[in-house]
Amino acid sequence: MVTDNLRQAPWDWRLSALICAALVAVGIALQWAVGPVVWAVFAWPVNIICMAALLAALLLMHLLRRKVRLFSYLSSLPAALPAIATALVLTMVMGLTRQTADGHWLSDMLCFWPFVLAYVYVTLIVGLTTLRRLSKIASLLAGPNRSLRIADIAFVLNHAGLFLALTCATLGNPDLQRLKMITTLGAFEWRGVDDSGLLHNLPVAIELKRFIMESYDDGSPRRFASDIHVRTKRGKDFEATVDVNHPVEVDGWKIYQYSYDTKAGADSRISIFELVRDPWLPYAYAGIIMMLAGALFMLFGNGRKEVKES
Amino acid sequence: MIWDYFTLVAIIAIAHWALGALAAWKGKTRTTIVATAIGLAIFFAFIIAMWVTLERPPLRTMGETRLWYSFFLPLAGLLVYARKRYKWILSFTTVLATVFICVNIFKPEIHSKALMPALQSPWFAPHVIVYMMAYAILGAATLMAVYYLAKSYRKVQGVPEAKTYDAAINSEASIEPSRKAAGFTLDSEASAELDGIVRAGLAFLTFGMLFGALWAKEAWGHYWSWDPKETWAAVTWLGYLLFIHYRRLPRHNTRLALWLLIAAFILLQMCWWGINYLPSAQGTSVHTYG
């Protein structure tokens, strides 16, 4: 019966379109008043608090959905459509504008308030939709038929997976560390440079044993790699080879072959690595894997049955 | 070199596909399926031969991806035909595949053995092949949309179709005059078929995008960097999401849905090759391999 209400004006897609327009307007005002979104603010532990607050808020909205019509509306199809369309249009603008990470309106979409708010709105809808479908599945399982349909599994995997991937990728990003380390033959290096040029001491030290460069007959590069000796603060000590596409993993860090002395070529006496640490990666990957499984189910399930609800 | 035989192989394959398309019009199902399948086998054998002689998967250049696209188009057409028996679908896919083959004959962009280190990954083949499959399926869906739209505008004054899927699911529709004026709906079978095809295409699109993300982590250190190609992949994905969600709305405008499908395919072109010509993407994409 909830869906019956939803089909009536003004609870059709127009309300959500209005919300989207308001979000874009508020976003523009914010951008003008306080400047671009400063993602660094969300560094640990702010991000985990935000995640907990978001989940709590979603759960509360879900539980109150019969009392507050807006909350049940937000998990409906008419609400989803303008949200998807708005995210699409803003992402398209991003695709049409050269991105420079200078914090300047359209040329730095990731910090542009309307873009961020639109995706927050999408995330909210996806989260509520997941909860609603989960509670429907629970009631079906408790019912006389005890049936679980492929379409429902696919639905939850797709939506929960997207929710997890979106939230963890975004909230986890301020915790992502990417540093360049320049190593020279025969010497241990434990310092890395971040994007802003600051030097950091790292818990991982690398000694370059040998730089490897192979070429095709026409001179185009075939392989860059480095034989390295790794030591970590936690006491790991081993030798390995880092190839492009084949990073070496140690203590939560991934070591990537990044560059070398391009003037010296095969005789390069230095090798540059990128060291990446992303504590939120397993959770974002869980989301990605759920979406992959959902896509697999989507290939085989009959989605048509999903239309009828409650 | 194997490429010297391409024109010959392509002509033989196209002849089989054309024979299949012709047989479809005449209602000879078995001939249709067998001829198209033989054409596909011949073309696929050539791709494998290239793979072997190049000593790498032929997936690097635009020319090489066109090769796969020419293969997957008749394959998608055949799958649709096998389930639905559209007489026209194989003619469309054959013509399109032929266009792509001709582009490859006149502008090969192929094929040194060189495969730069960034592309030497087990993710390379699945990422690109799955995407080409998605593009082909969604191409077929777009053709269907164009076909239905043309049909809808042709009989714009026509008799209202009596028992449509959309009318059945929403009883209000049948008593609402304005909706009848808007007029056009697909019959339930066509409707389910179109949605099924788009869902399959979207599933492959999702595989392609997420395989790309997993690969990016191994190659570039992060699974999503908003590289122009990634941005447009997201836009394309959102476009098809919008379509399948809109199609679930009980009272939707079928014609608008079909236009959405066409628009999404235009976004897909942007993602596939359009960004090569887009000023905002010049020199910033790591997805350029010549």
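Trainee: What percentage of the 290 residues in chain B is buried?
Mentor: The model is a predicted one, and a residue counts as buried if 20 or more other C-beta atoms lie within 10 Å of its own. By that criterion, the buried share of the 290 residues in chain B is 46%.

Trainee: How many helices does the secondary structure of chain B contain?
Mentor: Chain B has zero strands. Read along the sequence, its pattern is α-α-α-α-α-α-α-α-α-α-α. The number of helices is 11.

Trainee: Which helix supplies the largest share of the side of domain 1 of chain B that touches domain 2 of chain B?
Mentor: The domain assignment places domain 1 of chain B at 1–115 and domain 2 at 120–290. Between them, 21 residues of domain 1 are in contact with 19 residues of domain 2. On the domain 1 side, α3 (62–84) and α4 (89–106) of chain B each supply at least two residues. The largest share, 11 residues, comes from α3(B).

Trainee: How many nonpolar residues does that side of domain 1 of chain B have?
Mentor: By class, two of its residues are charged and four are polar. The nonpolar residues number 15.

Trainee: Which element of chain A gives the most to the side that touches chain B?
Mentor: The contact takes 43 residues from chain A and 41 residues from chain B. On the side of chain A, α5, β4 (221–232), β7 (253–260), β8 (270–277) and α8 (281–300) each supply at least two residues. With 13 residues, the element that gives the most is α5(A).

Trainee: What is the handedness of the crossing of α6(A) and α7(A)?
Mentor: Helix α6 (residues 113–142) and helix α7 (residues 150–172) of chain A pack at an angle of about 145°, with their axes 9 Å apart. Among the residues making the contact are Tyr119(A) and Leu134(A) of α6(A), and Phe155(A) and Leu166(A) of α7(A). The crossing of α6(A) and α7(A) is left-handed.

Trainee: How many nonpolar residues does the contact of α6(A) with α7(A) have?
Mentor: By class, this contact includes six polar and two charged residues. Its nonpolar residues number 10.

Notes
Residues are numbered from 1 along each chain as its sequence is written. Chains are lettered from A and ligands numbered from 1 in the order in which they are written. This is a predicted model: local features need pLDDT of at least 70, side-chain atom pairs count only at pLDDT 80 or more; totals for chains, interfaces and linings use all residues. Domain bounds come from an automatic or database domain assignment. Two residues are in contact if their C-beta atoms, placed from the backbone, lie within 7 Å. Helices (H or I, at least four residues) and strands (E, at least two) are DSSP runs, numbered from the N terminus. Ala, Val, Leu, Ile, Met, Phe, Trp, Tyr, Cys and Pro count as nonpolar, Asp, Glu, Lys and Arg as charged, and the others, Gly among them, as polar. A residue is buried if 20 or more other C-beta atoms lie within 10 Å of its own, exposed if 12 or fewer, and partly exposed in between; C-beta atoms are placed from the backbone. Axes are lines fitted to C-alpha atoms, for helices over the stretch in contact, and angles run from 0 to 180 degrees between N-to-C directions. A crossing is left-handed if the near helix is turned anticlockwise from the far one by less than a right angle, and right-handed if clockwise.
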